[in-house]
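Hi,

Here is the structure I promised to pass on. Have a look, and then read on for what turned up in it.

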Amino acid sequence: MSYYADIGITILILMTLAVSLNLLLGYAGRVSMAHAIFFGIGGFTAARLTLPTKEELGGVATSGLQTGAGWSWVWALVVAIVVAFLAALLISLPAVRLVRGEYLILLTLAFQLVANQLMGVLKNVTGGPFGLSGIPSMTIGDKVLFLPEEVFWVFLVAAVVSIAICWGLGESPFGRLLKGLREHDTAVASVGKNPVVPELLAFSISAAIAGGVGALAAFYYGSVVPSNYTLTFSILIVSVVVLGGIGNLTGTVVGAIILGLLEPMLRKWFGDGAIPWQAVIYGAALVLMMRIRPQGLIPEGKGLIRRRRGRRPEAEVPTEAEALERLSHRDDGADTSAALGMPIVEVHDLQKSFGGLKAVNGATFTLEQGKVTALIGPNGAGKTTIFNMICGSIEADTGTVRLRGEDVTGEAPYKMARRGLARSFQDVRVCQRLSALDNVAMGVPDQPGERVSQLILRPLRTRRVEQEVRAKALDCLALLGIASQADVLVSDLSYGDQKLVAIARLLATGCDVLLLDEPTSGVDPASVEKVIAGIGRLRALGHTVCLVEHSVHFVQRLADRAVFLDQGTVIAEGTVDELMNRRELAELYFGT
């Protein structure tokens, strides 16, 4: 029985570590090659805190038995979790905003290698290459837990709690935000969400769970050794996540069971000589999975029981009139300080150079409250660059941007959205692996469920608000005419409908100034009509809209006024018809 319980404990440790890593790797899309180190940080912290003091040992440390603080294992566990959390926070501060992709892998890999070396040389802290031994076992009352069949239940509880935490976070509005950052962090920032804090928390919570299970492992095994926290172990944890399915906790559980059983099965069938081949088998299995099923055994969004995503029943789809009425009511509290037709955005003398190229050269114009303004001009006129400077994505060399009379030049995109100005992108930037409804729900501001503290302290309120958020998101989709596809993955929608989802996400922000960058580019004629109708409804709600668009037909049907740009300079303003009737402007625009 003890033999099988010990195998079960090994599997539960691997499962807990992999589930916690999947919160970071699967939901946030950030790869860490240092998870074994946080496991070790928890183990060494717990060991140092629970080992007996010198006084308890008679004033002299016995050979092979180091001294510590003599704490209770419960308090040592808590401190180990906190220390691992803070260590990950320290590492992730530069990682989150400064590095991406393969550079993040290299950064965490370097941390793994350096930290593991330090564990072997800091003898006064870690005991050197032989580590720390004589760590007291866990106790419950007067009962000392040292038999595997007794300790198994502690690790089972820890695994269940860890899975519940990661599932609760991953399937909450906080998890939705992580998924958005995973696919398009710029799009998430454009609707008013700070992209830094969620990623920092994902790093730190993932590491904290690893530190906690590392402490429990130290109590069970009675020792901690640097050789247990190597890069090989970090790779094994990543392998479990990839094998089971990135972004799917059920798959992670299955992957941990499969790989956790590999060593005892090899030992049973082929003897101890087969164990060195374990890493080869890991690698071969991963290569095979990448070839046959790169999404893992159980892909994201799937379960052991197949669920179908499809069109929402018509009875549950609000009409456009109902959605318009509700959204008008919700927007009653919006800022209406600028009267219809009065300037709400003022752009003055914006200039931007890229090397020797002057992309924007003294652009000056205004956006009027409640009207649709189009920025038109030939390719390379600086339209999108101006958009980027207005939103804060690009820093202007000189010039100012004022929103409702306040200077907001250079504000971060998420801060601009919180002030009431949001933008879409020419290349859509919707989250392909989320449903249309979840994409739009991400744009709704002030969601308590996006804050971990609120998820923990006020779960009922966050659940109630989430229902309201999803209802508003459905109304935004209904206003754009695609509410019936609310539950469909965006990757399964047509490109035109994806553009509508992006506009609906902007509408959900409640911002009264919306900047749309080429909303019909690459869209089929039938979908263009949907986009035109949708933008018309934005105007009906009182939103100020600014368009960058090449289609004269589209602009003529929607824009109240147009600003003509050439080489980054405003050369004319007026209605679209007035500008297109001027021969010199038409020649610039059409190149004739």
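Helices (H or I, at least four residues) and strands (E, at least two) below are DSSP runs, numbered from the N terminus. This is a predicted model, where local features need pLDDT of at least 70 and side-chain atom pairs count only at pLDDT 80 or more, while totals for chains, interfaces and linings use all residues. Residues are numbered from 1 along each chain as its sequence is written, and side-chain values use heavy atoms, with hydrogens and water left out.

First, the second largest pocket. On a 1 Å grid over the protein atoms alone, a pocket is an open set of points where a 1.4 Å probe fits, with protein on both sides within 12 Å along at least five of seven lines; lining residues have an atom within 4 Å of a point. The lining here has 29 residues, and Thr10, Phe233, Leu236, Glu263 and Gln278 lie nearest the centre. H1 (2-27) is one of the elements that supply at least two lining residues, and the largest share, 6 residues, comes from H1.

Then there's Arg326, which sits in helix H12 (residues 320-330). Is Arg326 buried, exposed or partly exposed? Its relative accessibility is 35%, so Arg326 counts as partly exposed (between under 20% for buried and over 50% for exposed, with a 1.4 Å probe and protein chains only). Leaving out residues up to four places away in sequence, Arg326 touches Pro318 and Asp475 (heavy atoms within 4.5 Å). Phe44 is 282 residues from Arg326 in sequence and 57 Å from it in space, C-alpha to C-alpha.

Cheers
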